[in-house]
Amino acid sequence: MTARRAWTRVMIVPALLLALAACAKNGERAQEAGAVAADAAVASPEGAFLAYEHDVQVQLEAAQIAPRIQQVAQACQNAKFGECAVLQVDQRSGEQPSGEVKVRIAPKGVESLIGLAGEGGTLQARNTRAEDLAQQVADTALTKARLEKEHARLLSYQDRSDLKIEDLMAITTRLSEIEAGVEQANKDAAQQRRRIDTQLVTLHFDTTSGQRSRSEIGEALSESGSILSTSVAFLIRAAAALLPVGVVALVMAWIVRALIRRRRRKP
């Protein structure tokens, strides 16, 4: 009987280990699949011209806000999650510290950066929106093609031997205008491409609701002294302003009362 139990234990233990290993692998696969799905959720579809923007509200303990802002900014500058550029860092201290970090990052790093920002805290709110730049991209490409075509045609005219001086000057002026227009079209196209290939992420950091309540109570208590002194000062000023009026009123009342008594005494 003992040998049978020992043999059963020998068979069960490896089976349990295999089952645990399988569960761990499944969990890792699920996490990887979740990460891939999250990245795919914010990536622009193939052939689309979508410019994504994300606004994220993060709640942290007051002491964590300043270090977390620096951590997020450094992670972006060091390209920890892919191509990234810091556009704005805003930090406010005091009893209710807060801050904001605005970056432009490659789509694959969006979720990782947001995860870093909310680590140990709460993602209070998130808003993701996309602007369709298809029409702008098409208009820019059309404008560039039209200008380049006109530029080539004017260059062919410029080589003619029978061209008058005034016509040559007019063509030269127009060529300069066209070249400036092509340069602007190239800048517009580069900016549109940048908005499509990278995404704008704005992270807002704030304290937790409990800390805000305690801070508001403390602020109210600290302001109570100044409020009381202001009220007392107002009353003193009011009394000082009303004192002459009160004296005059008492004198007038005394005079009126004296006149009334004198009339009553007359037969």
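User: Leaving aside its neighbours within four places in sequence, with which residues is threonine 198 in contact?

Analyst: In this predicted model, threonine 198 is in contact with Glu83, Arg104, Ile105, Ala106 and Pro107, once its neighbours within four places in sequence are left aside. Threonine 198 itself lies in the loop between α5 and β5.

User: What makes threonine 198 count as buried?

Analyst: Its relative accessibility is 6%, and a residue is called buried when that value is under 20%, so threonine 198 counts as buried.

User: How is alanine 79 classed, with a relative accessible area of 42%?

Analyst: Alanine 79 is partly exposed, because its 42% falls between the limits of 20% for buried and 50% for exposed. This residue is found in the loop between α2 and β2 (84-92), and its phi is positive, about 55°, although it is not a glycine.

User: Why does glutamine 192 count as buried?

Analyst: The relative accessibility of glutamine 192 is 9%, and since the limit for buried is under 20%, the residue counts as buried. Glutamine 192 is part of helix α5, and it touches Leu133, Gln136, Val137 and Thr140 when residues up to four places away in sequence are not counted.

User: Why is α2 called roughly antiparallel to α3?

Analyst: The axes of α2 and α3 come within 9 Å and cross at roughly 160°. That makes α2 roughly antiparallel to α3, because angles over 145 degrees count as roughly antiparallel. The crossing of α2 past α3 is right-handed, and the contact is made by Arg68, Gln71, Val72 and Ala75 of α2 together with Leu113, Leu116 and Ala117 of α3.

User: What makes α4 roughly antiparallel to α5?

Analyst: Helices α4 and α5 pack at an angle of about 155°, with their axes 9 Å apart. That makes α4 roughly antiparallel to α5, since this class takes angles over 145 degrees. In this pair, α4 passes α5 in a left-handed crossing.

User: How far does helix α4 reach from its first C-alpha to its last, and what is expected?

Analyst: Helix α4, which covers residues 134-158, has 25 residues and reaches 36 Å, close to the 36 Å expected at 1.5 Å a residue. Within α4, the residues Thr140, Leu147, Glu150, His151 and Leu154 are buried, and what covers the buried residues includes α5 (165-197).

User: Which residues touch the most other members of the largest nonpolar core?

Analyst: This core has 20 residues, and those that touch the most other members are Val72, Val103, Ile105, Val201, Leu203 and Phe205. Two or more residues each are given to this core by β1 (50-60), α2 (62-77), β3 (98-105), α3 (110-117) and β5 (199-207). Apart from this core lies another one, of six residues, among them Leu147, Leu154, Ile171 and Val182.

User: What is leucine 203 in contact with, leaving aside its neighbours within four places in sequence?

Analyst: Leucine 203 is in contact with Val56, Val72, Gly99, Glu100, Val101, Leu113, Ile114 and Ala117.

User: How many helices and strands are there in the protein chain?

Analyst: The protein chain contains six helices and five strands, and, read along the sequence, they follow the pattern α-β-α-β-β-α-β-α-α-β-α. Of its 267 residues, 23% count as buried. When contacts with a separation of 6 or more are considered, 77% of them in the protein chain are between residues 24 or more positions apart.

How values were computed
Residues are numbered from 1 along each chain as its sequence is written. This is a predicted model: local features need pLDDT of at least 70, side-chain atom pairs count only at pLDDT 80 or more; totals for chains, interfaces and linings use all residues. Side-chain values use heavy atoms; hydrogens and water are left out. A nonpolar core is a set of buried Ala, Val, Leu, Ile, Met, Phe, Trp, Tyr and Cys residues joined through side-chain atoms within 4.5 Å. Buried means under 20% relative accessible area, exposed over 50%, partly exposed in between (1.4 Å probe, protein chains only). Helices (H or I, at least four residues) and strands (E, at least two) are DSSP runs, numbered from the N terminus. Contact means heavy atoms within 4.5 Å. The expected span of a helix is 1.5 Å times one less than its number of residues. Axes are lines fitted to C-alpha atoms, for helices over the stretch in contact, and angles run from 0 to 180 degrees between N-to-C directions. Angles under 35 degrees count as roughly parallel, over 145 as roughly antiparallel, 65 to 115 as roughly perpendicular and the rest as oblique. A crossing is left-handed if the near helix is turned anticlockwise from the far one by less than a right angle, and right-handed if clockwise.
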